[in-house]
Structures are given as C-alpha cells and as structure tokens.
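Please look at the sequence and the 3D view before reading on.

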Amino acid sequence: MKDIIQRGLKQIQEEDIQEIHAVTGGDINEAYYVRAKHQEYFVKLNKEMDVSFFEFEAEGLSVIRRTGTIDVPVVYGVWEDKETQTPMLCMEWIEGKKENNTDEILGERLAAMHLGEITGYGWEGKSYIGKLMHDNHIHKSWLTYYRDARLLEQIKIGQSQGSISGKRNKQLMKLLEKLDKWIPDKPKSSILHGDLWGGNWMTGKGGIPYLIDPSILYGHHEFEMAFTQLFGGFSQRFYDAYHSVFPLSTEYETRKELYQLYYLLAHLNMFGESYGGSVDRIVRKYVK
Ligand code: ADP
C-alpha cells in the first residue's frame, strides 16, 4: 500500500513517506494517515470502485468549500495508480479537539450553507451514496427528484437484490403514489452534504468543525436534517444553533421519516435486513 500511495504523492511533488498508518472508522474505503516530507495527508483508497467514486467526493468537498460557510479538508488530488488500477483520494489531514462551542459552530455554519441561493434539485451526473451509484440530472421539482431519482432508484436496487419484494414492495409503491401529500414540489433548494451522519463531521484545529465524505446534491434542507436525526450523534446545541439561523418549518415533523426512508433503503441495500424493520415501520405509518 505504501508504494501505491508513494506513487500517488509524486503527482503533487511530494517525496518520501516518513510515517504511514491505517485509519479506521469509515464504512467503505481503506484509509491512511501519511506523513511525508512536506506535510501530513489523509489518503483513501478503494480497489473495487471506479475513480469517479472519489472524483464525486472531491467535487462535493469543493462545492461545499466554495460556499464559504463551513470548513472541509483541502483536496490535493484524485488519482488512479497505473500499476494496480487503484483509485485514491488525497486530502488535508484534519486533527483537533472539540471545544465548548464546536457543536454550535457546526449548527450555525451548516444552516448558513443551506441558506445559500441555488436553483434546481438533484445533481448533474453520477453520484454515490456509500457504494451505491445514482445517475442524476437537475430536476425542476424536488418531489419528482426525491421520488423518482432517490426513493424509486433504491427500491429498484432492492428489487434486483431481493431485499424488496412482496408486501414490502407493494406498500412502497403505494407510498410513492401519494408522496405529494407530504413532500413539497418546490421548497427552497440548498446545497446539501447528503450523507450527514455523526461520523461525517470531525473537529479540526481550534475546535473548528469540518464536514467530510459528502454525497452532494441540491435539495430540501429538511432531507439533511432528517438524516442527522436518524442515527444520532448531534447535540441539542447543534440543533438550537441551526434553528437560530434557519428555522425548520412546522411541517418538518410530519415528513421527517419520509426523508429518513431514503437512507434506510440505502442501508437495507448495502448492509442487509437489519434495516428492513425500520423501512416497514415508516411505510406502515404513511400507507394505512
Ligand atoms: P469512508 O469513506 O470509508 O466512510 P471516511 O471519509 O468517513 O471514510 O473516513 C474514515 C475515518 O477517517 C473518519 O471516520 C475519520 O475519523 C477519519 N478521517 C476522515 N477524513 C479525515 C481527514 N481529512 N483527516 C483526518 N482523519 C480523517
């Protein structure tokens, strides 16, 4: 692995690796701390994926950076090692300790990012949630994007893998037919991180929060906030700070689980039936 990373770092005129060790905590990739002559790096590799997988992550980080609202690691490059066909992503090494106001800053800055002006919903081209790929384009309606390009795409993956069939399939289809009861057609569109669970933000120097590992899209900010609430990891101070900048609508609670459903379907498709019960519970709630 050291050789592969060494060859990658040559692309940015970096020299001998002085220290390297594996970093755990991610779901999908092999990740390494690397100290070379000039500085430290965080390098992710994944032999099984196409290089577009890391290009999408790098693009997401740069879109978030350009909003000027919230920090993300600097990306130094995405390369495919010619000898082993291993795609890799090299970025700034982030390290720091949480301060009293870290959660608050995260909430305020995420809300500031969501408040920015953007038109359309979706994304142009391929995007990934975990290892699963979506083909996207920009939609004029959030409802159709969320229903057809997100929920239906995951349902189709589930159908082909066998995790969605029979009653579960029928109920999901019924839900899609009446999704317009709850999901708005043209809410304010925002730049969304798209995969914001507790493991996808970290603290850097001075207690400053950084977003990592995005699955970027343009969409309804409630979709992002619903996912932060699915697996936990965000404090009340985070939510209070977020709401002070960008209050959530009174209808948020009525559709929150419909937004969590997408992530649960993706988890069902990637990690198996342990997520099936939550999918069924949500569908039962909305399809009587
Ligand atoms: P995966 O794509 O496999 O889910 P992540 O991007 O989530 O991998 O990274 C795995 C772990 O590595 C994270 O949980 C975090 O602890 C750490 N990490 C991610 N990015 C950085 C970084 N830029 N600097 C230091 N550590 C990082």
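## Aromatic rings

Ring pairs join Tyr121, Trp142, Tyr145, Tyr146, Phe223, Phe227, Phe231, Tyr259, Tyr262, Tyr263, Phe271 and Tyr275 into a cluster. Rings of Phe, Tyr and Trp (for Trp, its six-membered ring) count as a pair if their centres lie within 6.5 Å; planes under 30 degrees apart are called stacked, over 60 edge-to-face, and the rest tilted. The structure holds 27 aromatic pairs. In one of them, Tyr262 and Tyr263 have ring centres 5.1 Å apart and planes at 75°, so this pair is edge-to-face. Tyr262 and Tyr263 are both buried. Buried means under 20% relative accessible area, exposed means over 50%, and partly exposed lies in between (1.4 Å probe, protein chains only).

## About the model

The model is predicted: local features need pLDDT of at least 70, side-chain atom pairs count only at pLDDT 80 or more, and totals for chains, interfaces and linings use all residues. Residues are numbered from 1 along each chain as its sequence is written, and side-chain values use heavy atoms, with hydrogens and water left out.

## The ligand and its shell

Which residues are closest to the ligand? The ligand is surrounded by 18 residues, and the closest are Asp27, Asn29, Lys44, Glu92 and Ile94. The shell divides into nine nonpolar, five polar and four charged residues. Here Ala, Val, Leu, Ile, Met, Phe, Trp, Tyr, Cys and Pro count as nonpolar, Asp, Glu, Lys and Arg as charged, and the others, Gly among them, as polar. Domain 1 (2–92) and domain 2 (102–286) each give at least three residues to the shell; the domain bounds come from an automatic or database domain assignment.

A polar side-chain atom of Lys44 is 2.6 Å from an oxygen atom of the ligand, and one of Asn29 is 2.8 Å from an oxygen atom of the ligand. At Glu92, a polar backbone atom lies 2.9 Å from a nitrogen atom of the ligand. Taken alone, the ligand exposes 560 Å², and the protein buries 89% of that. These areas come from the Shrake-Rupley method with a 1.4 Å probe. Strand 3 (40–45) and strand 5 (86–92) are the elements that give two or more residues to the shell. Strands (E, at least two residues) and helices (H or I, at least four) are DSSP runs, numbered from the N terminus.

## Two buried residues

Val34 is part of strand 2 (residues 30–36). With 0% relative accessibility, Val34 counts as buried. Val34 and Val63 are 29 residues apart in sequence, and their C-alpha atoms are 25 Å apart in space.

Leu151 sits in helix 4 (residues 142–161). Leu151 has a relative accessible area of 1% and is buried. Leu151 and Tyr259 are 108 residues apart along the chain, while their C-alpha atoms are separated by 9.4 Å.

## Positive phi in two loops

Where is Gln85 placed? Gln85 is in the loop between strand 4 (75–81) and strand 5. Gln85 is not a glycine, and its phi is positive, near 55°. Gln85 is partly exposed, with a relative accessible area of 48%.

Asp213 lies in the loop between strand 10 (209–211) and strand 11 (217–219). Asp213 has a positive phi of about 55° and is not a glycine. Its relative accessible area is 26%, so Asp213 is partly exposed.

Terms used:
Near = heavy atom within 4 Å. Polar contact = N/O pair within 3.5 Å; in protein donor to acceptor, adjacent residues only side chain to side chain.
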